[in-house]
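Let's walk through this fold together, one feature at a time. Have the picture open while we talk.

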Amino acid sequence: MASFRLGMIGCGTVGSGVLEILHRRRDALKRLLGRGIEVARIAVRDPDRPRHQVYGFVDPDVFTGNVARVIEDDSIELLVEVAGGVDAPRDWMVEALRRGKDVVTANKATLAFHGEEIFQVARECGRSVYYEASVAAAIPIIEMLQNGLVANQVTRVLAILNGTCNYILTRMELDGVDYGVALRQAQEKGFAEADPTLDVSGEDAAHKLALLARIFTHSYVPVDRIFTEGIQRISREDMAFAEDLRYRIKLLAIAKLSEEGAWDLRVHPAMIARDSILAQVQEEYNAAYVKGDAAGPMLIYGNGAGSFPTASSVVADIVRAVKGDRPVNGEEPQESVQLVPIENVSLRNYIRTIVLDVPGVLGRITSHFGMRGISIASIRQPEAKVGQPVPVVLVTHKAPDKVVTDSLCELERVGLLLEPPTRIRIEE
Ligand SMILES: NC(=O)c1ccc[n+]([C@@H]2O[C@H](COP(=O)([O-])OP(=O)(O)OC[C@H]3O[C@@H](n4cnc5c(N)ncnc54)[C@H](OP(=O)(O)O)[C@@H]3O)[C@@H](O)[C@H]2O)c1
């Protein structure tokens, strides 16, 4: 049987890993599929740059600077998009689908913003879009939600989906360093980009949550409707207080189905019990706790980034495409999703601020919250000299998010605080 011809756009961290795995596993894959896989063309930005690391796996002649030579080649059956970007990949994918190709992509940003259009074109053309690598890299969470858990109503997902943030938070906790130092360490180790904004702002995790939520809510979930907060304001002090309170701070992507059938979807730093399973997920690792109504709870854990871990999922998708496997669930949104606005979500909160240690200050702060219906579960204030600045940490009982947000704004206006409060939501 003739080889299956695929074309790639991108040959960087992920693309070069894909080429190496396809080469290393070529005999096993050929046995499995009954035909070989040929990488017929690879478009890159700079085709003249030598790429010695992959010349052992593909002929140097396959490289081109012209994306159209991949998309418009009718002998190519599958487009593998591992270039990145947001808008250009949308055009490439749509055009490839219209020309009868399936698409494999690792690009969560394009799918989060243009996914509905891309999936719609795929449906019209009878083609498939495979995107396992776009969420949690090596971890087969898309496969699990689309196929393995298809018998379930998923009711809860709590996930660590951004390795950069998890690495930074782990370094801050274990090394006692500030956010800026931990970020630099992440950049030196290759776990954070030179411009880390997308990761540390929580946006990357929100893109991934939108893609997962599309599967288990059977609906289109616009990424801008997911409440998103980053880790930039977490400090060394918060880490120390979290330890004292027996919590750990993680950037969580959260999805919870309410009894009324609405979805609470959010991404933010959260304090979780130190002995919980997700709290054990440290360094650059990713994990997802998923609960299905039939299957019950489960945990999936592994590498959420990197050349081979990401390429592992890209190659799995290539194999699915060659075999013609279509997702059981997840291509067509059937319902319009009902979301619980963050304002209505009731959570416990950790609140840290700095005040002047003068008589009555703690009483004024607690009565400020009390008058707004927020009851305080605990207060911590290290000993300080009278009249000197001192941190105050409050833990609230459950209160509606908006009530806490408004109370904190009002408290800032009263002039009791020496710096804006840090608030971290507590996830039970
Ligand atoms: N790296 C990870 O751990 C990881 C994990 C999960 C998902 N992803 C996703 O995988 C995708 C690729 O990431 P990466 O880390 O491999 O990126 P990368 O190392 O920067 O590589 C990007 C590749 O795409 C090529 N390229 C960029 N723009 C292009 C254009 N307009 N036309 C043609 N080629 C173009 C570049 O060409 P040159 O070589 O000539 O510059 C390069 O080969 C992204 O969507 C990313 O979000 C990455």
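Q: How many bridges join strand β13 to strand β16, and do they run parallel or antiparallel?

A: In general, strands of a sheet pair through backbone hydrogen bonds, either parallel or antiparallel. Here β13 (residues 346-356) and β16 (residues 399-400) run antiparallel, joined by 2 bridges. Ser346 stands opposite Pro400 in β16. Two strands count as paired if DSSP finds at least two bridges between them. Strands (E, at least two residues) and helices (H or I, at least four) are DSSP runs, numbered from the N terminus. Keep in mind that this is a predicted model: local features need pLDDT of at least 70, side-chain atom pairs count only at pLDDT 80 or more, and totals for chains, interfaces and linings use all residues. Residue numbers start from 1 along each chain as its sequence is written.

Q: How many residues are in the hairpin that joins β11 to β12?

A: The hairpin passes from β11 to β12 through 3 residues. β11 (residues 285-292) and β12 (residues 296-303) pair in the antiparallel sense over 8 bridges, with Asn286 opposite Gly302. β11 also pairs antiparallel with β7 (residues 154-160), over 6 bridges, and there Arg156 stands opposite Lys291.

Q: What is the strand order in the open sheet of 6 strands?

A: Read it as β3-β2-β1-β4-β5-β6, with parallel pairing. β3 (63-64) and β6 (129-130) stand at the edges with a single partner strand each, so one side of each has no neighbour in the sheet. β5 (residues 102-105) pairs with β6 in the parallel sense over 2 bridges, and Val104 stands opposite Tyr130.

Q: At what angle do α1 and α13 pack?

A: Two packed helices are described by the angle between their axes and the distance between the axes. The axes are lines fitted to C-alpha atoms, for helices over the stretch in contact, and angles run from 0 to 180 degrees between N-to-C directions. α1 and α13 (residues 307-323) pack at about 65 degrees, with their axes 8 Å apart. Residues are in contact if their C-beta atoms, placed from the backbone, lie within 7 Å; among those that meet are Val14 and Ile21 in α1 and Phe308 and Val315 in α13. The contact divides into 8 nonpolar, 6 polar and no charged residues. In this count Ala, Val, Leu, Ile, Met, Phe, Trp, Tyr, Cys and Pro are nonpolar, Asp, Glu, Lys and Arg are charged, and the others, Gly among them, are polar.

Q: Which residues are closest to the ligand?

A: A residue counts as near a molecule if its C-beta atom, placed from the backbone, lies within 6 Å of it. The ligand is surrounded by 25 residues, the closest being Gly10, Gly12, Arg45, Ala83 and Gly84. Helix α1 (residues 13-24) gives the most to this shell, with 3 residues. By type, the shell divides into 13 nonpolar, 9 polar and 3 charged residues.

Notes
Contact = placed C-beta atoms within 7 Å.
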